[in-house]
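Reader: I would like to learn how to read a model like this one, feature by feature. Could we begin with how its elements are named?

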Amino acid sequence: MTLDNVYLTIALSPLLGAIIAGFFGGMLGRKVTHTITIFGVLVSTVFSMYVFNIHVLEGGDIFNNNIYTWMQVGGLNLSVGFLVDNLTSVMLVVVSFVSLMVHIYTIGYMDKDEGYTKFFSYISLFTFAMFMLVMSNNFMQLFFGWEAVGLVSYLLIGFWHHKESAVEANLKAFLVNRVGDFGFLLGISLILMYFGSLDYIEVFSNLGAVEGVTILDGSLVITVICILLFVGAMGKSAQVPLHVWLPGSMEGPTPISALIHAATMVTAGIFMVSRMSPMFELSDVALTVVMVIGAITALFMGLLGIVQNDIKRVVAYSTLSQLGYMTVALGVSAYSVAIFHLMTHAFFKALLFLAAGSVIVAMHHEQDIRNMGGLYKKMPITYITSLVGTLALIGFPGFAGFYSKDMIIEAVHFSSLPYSDLVYYAVVAGVFITAFYSLRMFFIVFHGKSRVDSHTAGHIKESATSITFPLIALAIPSVIIGYITIEPMLFTGWLDNSITVSSRHSSMAELSYIFDSAASMIPHALLTVPFWMMVLGIATAWLFSLHKTEWADAIKNRFHRTYYVLDSLYGFDRFNEIVFVNGVKKLGLLLWKVSDMVIIDKIVVNGSAKFVGFIGSIIRPIQTGYVYHYAFFMIFSLLIILTWTLFSGNNPQLNVEF
Amino acid sequence: MTNNFSFEINSLLVALPEIFLLSSIVIVLIIDLFLTSKFRQATYYLTQLSLMVTGILSFNLIGHPETVIFSNSFILDNMASVFKVFITGSSMVAMVYTRHYLLQHSLYRGEYFVLVMLAVLGMMVMVSGYSMLTLYMGLEILSLSLYTLIAIARNRSIAVEAALKYFVLGAIASGLLLYGISMVYGISGSINISDISAFAHDPSINSRDTLILNFGLVFLVIGIAFKLGAVPFHMWVPDVYEGAPTSVTMFLSTVPKIAALAMLVRILVDGLGSMHDYWSDLFLALSLLSISVGSVVALMQTNIKRMLAYSTISHVGFIMLGFVTGVVSGYGAAIFYVLVYVLMSLAAFGVIIILNNKGYEADQISDYKGLSKNSPWFALVMLIVMLSMAGVPPFIGFYSKFSILQEVVSAGFITVAIIAVVFAVISAYYYLKIIKFMYFDESDKDETISAPMDIKLILSINGSLILVVGLFPDRLMNISMSLL
């Protein structure tokens, strides 16, 4: 099998599954449907690993080829094509593996749902779109993949469309992403304008052409392009202030929260910026913007996690915060670290979501952690895997998240960009916060006194195998993946053929200077600030949520203003509601009254109808029915035409004598 | 002219379709005399057979090298043959729609069929006419047959009135046409198209001659514009459409347009092509007037036949716009438009005639209320036709308008194109009104409408062609473009 067929198979087998499940799911029944879709994703996973082996482990050449010419407009060639290099291979493995786990998990989680086959169709479709996105070799296909994953995401957020909150969240996600997409599309348009091509390689090889070229009031073109592209990434990867949709997306079923809103789609922005590293490297301004936005997201979204009581929302805010970490890594030119964190995060965050889902199933769809407690005895597998996920998330030495987060913090430390020292404090503080809210939730859910109501308490039991198997399968990489891959991924060149780092940005070089081995990082951690921040976070969480629970309320009352600010999510939603929703409503009302009712209805529509009717009523009486009127009219017209012919400019012969 | 009045037997073969049709007319006329009313059906089938053979003969002549016979007065080229095929073909379709109607309205007489065949013969002569006199003769054969056809419902006063109006006004138009021919003849010394063309192309032509030629041109254009029904020579159209028996309205509103277009091509493009600068302004004025008056006045109509009359006027405006461009592809677009128009109009009248099959004329627009419930299939065909006439893609009517507008724009008349589009939008209103009546209003009568199998079959084919050709328009487009 040639390589392009392998890539095609990876992309198309989930699509085939989605089509079969979508159109014939009802006919085939649940069992056949989930077997087919899971098999489709399994095929992708196996081939992804094969591709990973060829490209990353055996050092195969970069594959860049157009598969199909979609259309040609003028000199512009729009194609469907694949660019597969090591970055793509890593993404393929992550996406396909997590997707496979989520597919299996869905069997148990959606068991009683009416939309069972539809759900499988959607997640397979999503997997296809995500593959097309990461394998794209041009901006157009990237954008289409971008929109397609977005579309499936909206469909899935609103999957339980009888829930009003789900429909609202769905709408919010759609609208916020429009803002991001608008920036993204503008960026792509600028690329087309300045480079005349949408092919990655062509654009990257012509970057010299725009060096020093300015636009508008003297901003560098490349800076404008990068910031616009990053606006797209902000929408999809939920960076402040376009983050408001992600917590809302938790209204969707848990498997998609894990797959789409934690592991894969929301990291598309991170992937995209890494892919565009040759462009971002040219603009320190853009990189600084990326870094600062990332730091704000990492710190302030983490803080919100502390006051949440919905189990999924806590994980959602932690996702926002971790995405902020990745974005910070992008900003300091540590793209490979960002991808490294993307990968480890995909595993442990999917794990955390699925574990949360397992708890939710056991609790009969209760999501408030205040009504849980002491679950560890009844759900041992969920408990242990949750613990693994939590430790990985907070960066406990040895776990996957430890390596990636530590590297990000160190990379920021070495960065020479403006504000990088402030950002450093933010990401270090973030470690404390992460540890605090993660353990708080963990303690409240699994330890302490049971606050479960007596009716539910009797029914709580460990979830079915289809749910626990993915938990275990994800827990393994959550422990070991960081230890195994840190060295090849960051320092010995796995991603070298995909990522460009300018020599001006020295973070990565300095990192490799201090890096010794993965094993030696663990003892070394005991001497670092982040480690003690984490320990402090764990201790604080233990203190407030297990040991002295009344202190938490006392503090809440003492600092009620701070609590209010956090509880109202910094007022982003209020702001949007007041300014955008109400503002637009008022504007709409105004426009409707003025333009619709007065201009369009009265003047244009009714007016033109009346006008046309008026003209018609003038002309109609001419149609008298009398033949001599008609004849007269004909002759009269003839005379007019003859006169006109005689005197029109076409006749210079007027002065001819007869 | 060396071969003056030399008849060769080979040259008769070139005119074989016309000769065959003429013989058939005579035979059918005689046979019909001896048929008792029991066997009158035979006349219909003989007519269809004659038309079909004529069409096949014409079809076989497609690809025949261009030949001019009968001392330069009769031409056979691809345009002539293709047009003849379309003329006989659409006449046959019209006859299928007609037969049942004639029976119901007791108009089923042998003369009817003979007159239709005569009209077809006239049109064929027009299509092949290569001298002014041949063209005029064809036109008169056609017109006289049509006058008589309208008056065939002689006990309906409205029909007789329409026939008389058409006859009187047609006579005036013929007079103007003849006057124009005489002017052209007087100045160029010939009635042959090729001679006139040579004369008009001669660069040494003096300005006095040009002016007279120009005046002659005005008369010629007006004569043809009357036949086409272009504003301001359109007054007869609504009255005749309404007054004539529906079967005749269908016939006279469709097929003769092809012949009139051919006549336009022969006289203005082949003959006076070098005078394009002079006649294109005139055409521009006539077509804009037609499009605007046709679109606006149609809004006020309550009778569907009158409405379609104004709709035809507006379509004629579009056809004439194709000539304004002065390029071959523009004429091609006009040919495409006229063929599409015939296709759509036949289907529209097909539905109307089915509704009229009950022995009285159901020709009010309000008669279409709730048609979709009583006869969903006929309503669907009507829906397709109306959408197509309004120019909604993917129906064929969209492409015909589109190709005309495209030519107009590329010839630089952007304002004209915009005006045409605005009126096309206005005209969409009354097409949609019919759809609204059919689909969203309740019928005030409860009767199912039945039609014989052959009508249903042909109507279905006709309706689906509007969609199918709309999906694959390039075939017909290529044919139209290749004729000039």
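Author: Helices and strands are DSSP runs, a helix having at least four residues and a strand at least two, and they are numbered from the N terminus. The model is predicted, and in chain B this naming gives 20 helices and two strands. Ser174(B), for example, has its place in helix α7 of chain B, which covers residues 157-188.

Reader: Is Ser174(B) buried or exposed, and with which residues is Ser174(B) in contact, leaving aside its neighbours within four places in sequence?

Author: A residue counts as buried when its relative accessible area is under 20%. Ser174(B) has a relative accessible area of 5%, and therefore counts as buried. Once neighbours within four places in sequence are set aside, the contacts of Ser174(B) are Tyr136(B) and Glu140(B). For chain B as a whole, 63% of its 484 residues count as buried, and of its contacts with a separation of 6 or more, 81% are between residues 24 or more positions apart.

Reader: Where is Ala473(A) found, and what does Ala473(A) contact beyond its neighbours within four places in sequence?

Author: Ala473(A) is part of helix α19 of chain A, residues 465-491, and it counts as buried because its relative accessibility is 13%. With neighbours within four places left out, Ala473(A) is in contact with Phe97(A) and Met101(A). Sequence distance and spatial distance can be set side by side here, for Ala473(A) and Val98(A) are 375 residues apart in sequence, while their C-alpha atoms are 9.7 Å apart in space.

Reader: How should I read the backbone angles, and which peptide bond of chain A is cis, with omega about 5°?

Author: Most residues other than glycine have a negative phi, and most peptide bonds are trans. In chain A, the bond joining Val240(A) and Pro241(A) is cis, with omega about 5°, and Pro241(A) belongs to the loop between α7 (221-236) and α8 (245-248). In chain B, the peptide bond from Val231(B) to Pro232(B) is cis, with omega near 5°, and Pro232(B) lies in the loop between α9 (207-228) and α10 (236-243). Phe70(B), in the loop between β1 (67-69) and β2 (74-76) of chain B, has a positive phi near 50° and is partly exposed, with a relative accessible area of 24%.

Reader: How many residues of each chain meet where chain B is in contact with chain A?

Author: Contact means heavy atoms within 4.5 Å, and 39 residues of chain B are in contact with 28 residues of chain A. The two chains bury about 3,000 Å² between them, with 80% of that area on carbon and sulfur atoms. On the chain B side, Leu211(B), Met235(B) and Met300(B) lose the most area to chain A, together 22% of what that side buries.

Reader: Lastly, which residues lie nearest the centre of the largest pocket?

Author: The largest pocket has a volume of about 960 Å³ and is lined by 29 residues, with Arg440(A), Phe544(A), Ala552(A), Asp553(A) and Lys556(A) nearest its centre. Elements of chain A that give two or more residues to this lining include α12 (284-306) and α17 (420-446), while the largest share, six residues, comes from α23(A). By residue type, the lining divides into 15 nonpolar, seven polar and seven charged residues.

Methods:
Residues numbered from 1 in each chain as written. Chains lettered and ligands numbered in written order. Predicted model: local features only at pLDDT ≥ 70, side-chain atom pairs only at ≥ 80, totals over all residues. Heavy atoms only, no water. 1 Å grid on protein atoms, 1.4 Å probe; cavity = no way out; pocket = protein on both sides within 12 Å on 5 of 7 lines; lining within 4 Å. Points joined across faces, edges and corners; volume = space filled by probe spheres on them. Nonpolar A, V, L, I, M, F, W, Y, C, P; charged D, E, K, R; others polar. Buried < 20%, exposed > 50% of the residue type's maximum accessible area, 1.4 Å probe, protein only. Buried area = accessible area lost by both parts, 1.4 Å probe.
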